[in-house]
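Biologist: I'd like to learn how to read helix packing in a model. Could you take me through it?

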Amino acid sequence: MNTIMRKSVLSVAGLAFVGGVFAGPIAHVANQADTKPAAVTVQADKPDISKLIPHGTQGEQSHITLNDEQTANVKAIIAATKKAGLPERAAVISIATSLQESKLENLGHLGDRNDHDSLGLFQQRPSSGWGTPEQITDPEYSTTAFLKGLKQVDGWQDMPLTVAAQTVQVSAYPDAYAQWEQQAADLVAQYWNS
């Protein structure tokens, strides 16, 4: 950042720039009683849809209406993706995978309806090394575990969603992830900067 621009940015923020050193808040000459705080609105840009769905959607798209728990799980997946330092596309893949596996519900043991010992947002299995039941049913942990698997897939950033998700999940229905790509991208666009 050049010096003139740095000085301008710092003065807007109320900081002084003195010889390469930040000197703290700028002293105001005007009477403090006469000044009113200025309202500043900052609009964060939504992620670029071409980065969220670089290959376009594949096949007919499904959509469900989310309740508060499911929305909280979307936000947890996005937070874990950001914490892992991964881009928005990783969140799209993660959310689409969770939509297919659990409809974004943090599944506990389902008894006879359970697929083996699958649990959580991604139906990860303790017996397959994904973690303990307590870990797998923690949205941050399960997302981080999914993302760790995704990062191990060479070229995942350039793969269609179904290929990337299937490589991590090893599902009996690999093409089923594709139907959730648009809703996952819409959710990332909506919540990534919130």
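Modeller: Helices (H or I, at least four residues) and strands (E, at least two) are DSSP runs, numbered from the N terminus. This is a predicted model: local features need pLDDT of at least 70, side-chain atom pairs count only at pLDDT 80 or more, and totals for chains, interfaces and linings use all residues. Residues are numbered from 1 along each chain as its sequence is written, and side-chain values use heavy atoms, with hydrogens and water left out.

Biologist: Which residues of α3 meet which residues of α6?

Modeller: From α3 come Asn73, Ala76, Ile77, Ala80, Thr81 and Lys83, and they meet Pro139, Glu140, Thr143, Thr144 and Leu147 in α6. Sorted by class, that contact has 5 nonpolar, 4 polar and 2 charged residues. Here Ala, Val, Leu, Ile, Met, Phe, Trp, Tyr, Cys and Pro count as nonpolar, Asp, Glu, Lys and Arg as charged, and the others, Gly among them, as polar.

Biologist: And how do I describe the geometry?

Modeller: Two packed helices are described by the angle between their axes and the distance between the axes. Axes are lines fitted to C-alpha atoms, for helices over the stretch in contact, with angles from 0 to 180 degrees between N-to-C directions. For α3 and α6, the axes come within 9 Å and cross at roughly 50 degrees. The pair is therefore oblique: under 35 degrees counts as roughly parallel, over 145 as roughly antiparallel, 65 to 115 as roughly perpendicular and the rest as oblique.

Biologist: What about α4 and α6: how do their axes cross?

Modeller: Helix α4 (residues 88-102) and helix α6 (residues 139-151) have axes that come within 11 Å and cross at roughly 120 degrees, so these two are oblique as well. Ala90, Ile93, Ser94 and Thr97 in α4 meet Phe146, Leu147 and Leu150 in α6. That contact has 5 nonpolar, 2 polar and no charged residues.

Biologist: Where is confidence lowest, and where highest?

Modeller: pLDDT is the predictor's confidence in each residue, from 0 to 100. In the protein chain, strand β2 (residues 21-25) is lowest, with a mean of 37, while helix α3 (residues 68-83) is highest, at 98. Over residues 1-43 the pLDDT is below 50, and beyond near neighbours in sequence this stretch has 21 contacts in the model. The chain average is 80, and 73% of the residues score at least 70.

Biologist: How many helices and strands are there?

Modeller: The protein chain has 8 helices and 2 strands.

Notes. Contact = heavy atoms within 4.5 Å.
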